[in-house]
Amino acid sequence: MTQPFFITTPIYYINARPHIGHAYTTMVADAIARAHRLLGEDVFFLTGTDEHGQKVERAAQKAELPTPVFADQVAESFRQMCGDLNISNSDFIRTTEPRHHRAVQEIWRRVAAAGDIYKGDYEGWYCTVDEVFVPETQLVNGSCPTCGGKVERLKEESYYFRLSKYQQPLLDFYEANPEFLQPAFRFNEVRTFVAAGLQDLSISRTSFRWGIPVPDDPAHVMYVWFDALTNYLTALGFGSDDASAAARVERFWPTVTHLLGKEIVRQHAIYWPAFLMSAGLRPPQRIVAHGWWLMGGAKMSKSVGNVARYQDYVSVFGVDALRYFVMREMPLGLDANFSDEGILTRFNSDLANDLGNVVSRTMTMIHRYRAGVVPAPGEPGSLDSALQRQADGTIERVKRNFSTYQITVALQDTWELISAVNKYIVEREPWKLAKDTGQKVTLDSTLYHAADAVRIVAALIDPVMPEAADRIRRMLGGTQEAWSTLKSGTLAPGTTLGSVEPLFPRIEKTLEELRSMASDNVPPSSTPHTPPTAATPATGAEAPAAPTAAAPQPPAAPSTGAGRISIDDFMKVELRVAKVLEAEAVPKSKKLLKLKVDTGVDQRTIVAGIAEAYQPEQLVGRTIVVVANLQPAKLMGIESQGMVLAGSVEGGLPTLVGFDTPLAPGARVR
Ligand code: MSP
């Protein structure tokens, strides 16, 4: 009977639309799912959205939409992401679905029946961004230790889960399952944390309504993590009366791999197994924690405002190239920087030069010298055998590395095979062999072995780049091959090739040209997003630079391709470096400051909505960016001759745009 394999992504909060961070986990999980299918396993791959909790309720209020309507809109953008990124998920779960309510209430009842829930009062700190209770001792400068955001004081009646009771059972479980959490250093952190003692956990709230009601006490809604973690069981059918659902739970639980970002390890490695033990269920088999994509040194995140849109990269480089880049660039467990330069370099060197080249030269030679039909190999010489050995070794290592989630290593290994094929072709010099009829057998052999190795490369890149793998197979006249039977020398002689098409044509454009393409070319299927900011188009913050104090963006406001502007339109805006000469408060205004600035060409007055964030004296002498060719406008009776650029996160205070290196007034900003 085929082996079951269950892989999950976290279910994503729907307070904001998906960005590269969410796309990353989903693409990695997809590659793992595809690899296990190729290994012949019975794969169930789950992703979805985490829709309850205070954060989502507030985001809906800010968007001035009823929460269920808001939830439908944003959840759809995550579902759309799966389509856009060629994700092969078996199910997409939303925690607002009735099947999930049933499952969570069933878990609650079981945990209550085990005597692990009691009522008390919670008084303490809460971080709404991460939806976590933060003990006073863990605050860092009064803020959340995970996201650095503000925490709020809560005082309300709450149900508690007896987490403290599970300290020893958890430690025993870790001891018995040394592979439970990857990477090992994270597992050590968890063990140390648990060994230091666990406090009971507040698992219900009364101060808002957007959640799953506690059975028999609807004044309480469940803590969003109690609700969310259960999704992994809901999707298998837990809580349903259906016999086939019960069979599915039986089949796939607990042989599950939870793939997630490092910031939510505690919930998965401590709370979740404890809830399950309490409910009489087995803890998950494996947790794999990856690092963060950083942008400008900070975790890419909506709350910081430094997010990159996956759609921009898909429109310029294609889905497969984005998938390849993120999986090649970030070794499992470590953080990595997301940069436009990084992806362009990998595209041109790894995809266009290495992979694209080996495929096109092999196919072209078979078309040219053997009329597009794969010749039969002669007796293998030492070069041929060495290439075959390397190919077979790579197959085994790639299988192993996928099984241990080392996708980066698997890709490195595959690229060594690609280099070896390129080198083999260079050494054999088929173009010379073709001129000598006495070398017919050697040429046949060379073409055969090169094509055979390309076939293996296509199979090995399949989980990461399914489209490219498919295109190579079409050129080779073959079909998808299972990893279980993959080995060198099995390409059938006599196979007729398809026509040769370029796989990854080299991109000769500059980063600036690519960035303007990214904002012009968002594919029609992609989710509407705020266009990236002017200064860093492909990677800009989600909220556009605001001239005055933060104007919250309705998260769901759709804009179509027609709403985007060309680079020429953008260049009409004259952004210039300016220096603040004088600054003073505007009488009777809380938000406005009157500035006198030197624009390098003139001195002028600008009224800016930054008074809540800056004292006038902080600004004098400071370098800022202004829109210099704006129509003058009167604000509080003062004529403002331009606009100051500042960024802000939703609802936050504005921060003036600045530079790493000082620039003289008058310099253009573009
Ligand atoms: N809803 C919870 C998870 C509940 S699971 C039962 C949540 N949601 S989230 O929307 O904040 O998504 C967090 C996950 O998104 C991370 O764990 C990670 O998988 C992915 N990422 C979000 N930002 C990321 C980066 N900057 N870098 C890498 N992955 C990131 O937490």
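1. Basis. The model is predicted, with local features needing pLDDT of at least 70 and side-chain atom pairs counting only at pLDDT 80 or more, while totals for chains, interfaces and linings use all residues. Residues are numbered from 1 along each chain as its sequence is written, and side-chain values use heavy atoms, with hydrogens and water left out.

2. Domains. The chain is split into domain 1 (4-290) and domain 2 (573-669), bounds that come from an automatic or database domain assignment. Between the C-alpha centres of domain 1 and domain 2 there are 44 Å.

3. Ligand. Around the ligand are 24 residues, of which Ile11, Thr25, Asp50, Glu263 and Trp293 come nearest; a residue is included if one of its heavy atoms lies within 4 Å of the molecule. Thr25 also places a polar side-chain atom 2.6 Å from an oxygen atom of the ligand.

4. Helix pair. The axes of helix 12 (residues 319-329) and helix 15 (residues 407-428) come within 7 Å and cross at roughly 110 degrees. Axes are lines fitted to C-alpha atoms, for helices over the stretch in contact, and angles run from 0 to 180 degrees between N-to-C directions. Helix 12 is therefore roughly perpendicular to helix 15 (65 to 115 degrees). Helices here are DSSP runs of H or I, at least four residues, and strands are runs of E, at least two, numbered from the N terminus.

5. Helix contact. On helix 12, Tyr324, Met327 and Arg328 meet Ile407, Thr408, Leu411, Gln412 and Trp415 of helix 15, contact meaning heavy atoms within 4.5 Å.

6. Cis peptides. Gln182 and Pro183 are joined by a cis peptide bond with omega about -5 degrees; Pro183 sits in the loop between strand 7 (181-182) and helix 6 (184-195). The bond from Trp253 to Pro254 is also cis, omega being near 5 degrees, and Pro254 is in the loop between helix 9 (243-252) and strand 12 (256-261).

7. Positive phi. Glu64, in the loop between helix 2 (54-62) and helix 3 (67-84), has a positive phi near 55 degrees.

Note on methods: Parallel < 35°, antiparallel > 145°, perpendicular 65-115°, else oblique. Polar contact = N/O pair within 3.5 Å; in protein donor to acceptor, adjacent residues only side chain to side chain.
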